Amino acid sequence: MDIALFSPSSLFAGSDGNSSEEENTETNPKFEERRHQFPGMELLVREFSFHQLNANLLWPGTFAFVEWLVQHRSWIGGRRTIELGSGTGALAIFLHKSFQLDITTSDYDDAEIEENIAHNCQINGVTPVLPHIKHTWGDAFPISDPCWDLIIASDILLYVKQYGNLINTLSFLLKSYKPKASEAVSGKNDEQNGTFFSLLVCFAKIIVHVWYG
Ligand SMILES: C[S@@+](CC[C@H](N)C(=O)[O-])C[C@H]1O[C@@H](n2cnc3c(N)ncnc32)[C@H](O)[C@@H]1O
């Protein structure tokens, strides 16, 4: 597994950029619950001290993405959504709580990430917890007949050597797209009604939007 070739510690408040500090799980507590401000609400997010794929912390790009999504609410409303690389699950929890979005989290096939997202759902009052899919990009997708209208992702483009695998996963999801039954019958398929399949990716505060209809 290729991991990020830099220490992300400099991106986070309270860090001096010394990677040995964050990787020292002997002296640091394994988990810490931190309060994060989102538009209109505060979320408690359990972050853990180290994860080789950086799924442990809530990445700062999330807040730029959230701001953009709040301003473009109509782009996500009513869409069956999957998030790739959910990490702590905070973005999905916010969107579910704020917009009642039907959202599934997903991340690397790792029980610790899955358990942490479930924990973060529970401490923020999201019960039952959000559906979660353990999926390592490029591997066979665990659901043969997926039915999402929208893929979102925040800060997942740092793994350059994983781009091929990520594209394979995206291709599978795009090709499997089927409009909701009611829309297929009415033939509705337009941007305003949100029946195109689309992809929204935020990376370093740049938001990329791809339509696929
Ligand atoms: C930089 S973190 C961002 C996490 C979260 N989106 C955020 O903004 O706080 C990147 C996420 O992508 C996931 N990831 C990295 N490589 C992956 C792979 N090959 N398959 C699935 N997920 C992967 C990591 O586990 C991690 O949760």
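Trainee: In which helix is Asn 168 found?

Mentor: This is a predicted model, in which local features need pLDDT of at least 70, side-chain atom pairs count only at pLDDT 80 or more, and totals for chains, interfaces and linings use all residues. Residues are numbered from 1 along each chain as its sequence is written. Helices (H or I, at least four residues) and strands (E, at least two) are DSSP runs, numbered from the N terminus. On that numbering, the helix that covers residues 163-175 and holds Asn 168 is α5.

Trainee: Is Asn 168 buried, partly exposed or exposed?

Mentor: A residue is buried if 20 or more other C-beta atoms, placed from the backbone, lie within 10 Å of its own, exposed if 12 or fewer, and partly exposed in between. Because Asn 168 has 15 other C-beta atoms within 10 Å, its class is partly exposed.

Trainee: Leaving aside its neighbours within four places in sequence, which residues is Asn 168 in contact with?

Mentor: Two residues are in contact if their C-beta atoms, placed from the backbone, lie within 7 Å. Phe 141 is 27 residues from Asn 168 in sequence, and the two are 9.9 Å apart in space, C-alpha to C-alpha. With neighbours within four places set aside, the contacts of Asn 168 are Trp 137 and Gly 138.

Trainee: Which pattern does the protein follow when read along the sequence?

Mentor: The secondary structure comes to six helices and eight strands, and buried residues make up 30% of the 213 residues. Among contacts with a separation of 6 or more, 62% join residues 24 or more positions apart. Read along the sequence, the elements give the pattern α-β-β-α-β-α-β-α-β-β-α-α-β-β.

Trainee: Which residue in the hairpin of β1 and β2 takes a positive phi?

Mentor: Two strands pair if DSSP finds at least two bridges between them. Strand β1 (residues 31-38) pairs with β2 in the antiparallel sense over eight bridges, and Phe 31 has Phe 48 in β2 as its bridge partner. Two residues lie between the strands of this hairpin, and the one with a positive phi, near 80°, is Gly 40.

Trainee: Why does Ala 92 count as buried, and how many C-beta neighbours does it have inside 10 Å?

Mentor: Ala 92 has its place in helix α3, where Ala 90, Leu 91, Ile 93, Phe 94 and Leu 95 are also among the buried residues. Not counting residues up to four places away in sequence, Ala 92 touches Glu 83, Ser 86, Ile 103, Thr 105 and Leu 130. Ala 92 counts as buried because its C-beta neighbours inside 10 Å number 28.

Trainee: How many of the residues of β7 are buried?

Mentor: Strands β6 and β7 run parallel and are joined by five bridges, with Ile 151 standing opposite Leu 199 in β7. Strand β7 is largely enclosed by the rest of the structure, because the buried share of its seven residues is five.

Trainee: What is the phi of Gln 100 near?

Mentor: Most residues other than glycine have a negative phi, and most peptide bonds are trans. Gln 100 lies in the loop between α3 and β4 (103-107), and Gln 100 is exposed, with 10 other C-beta atoms within 10 Å. Its phi is a positive value in a residue other than glycine, near 55°.

Trainee: Is Asp 155 buried or exposed?

Mentor: Asp 155 is in the loop between β6 and α5, and its phi is positive, near 55°, in a residue other than glycine. Because Asp 155 has 23 C-beta neighbours inside 10 Å, it counts as buried.

Trainee: What is omega about for the cis peptide bond that joins Thr 127 and Pro 128?

Mentor: Pro 128 is found in the loop between α4 and β5 (132-134). For the cis bond between Thr 127 and Pro 128, omega is about -5°.
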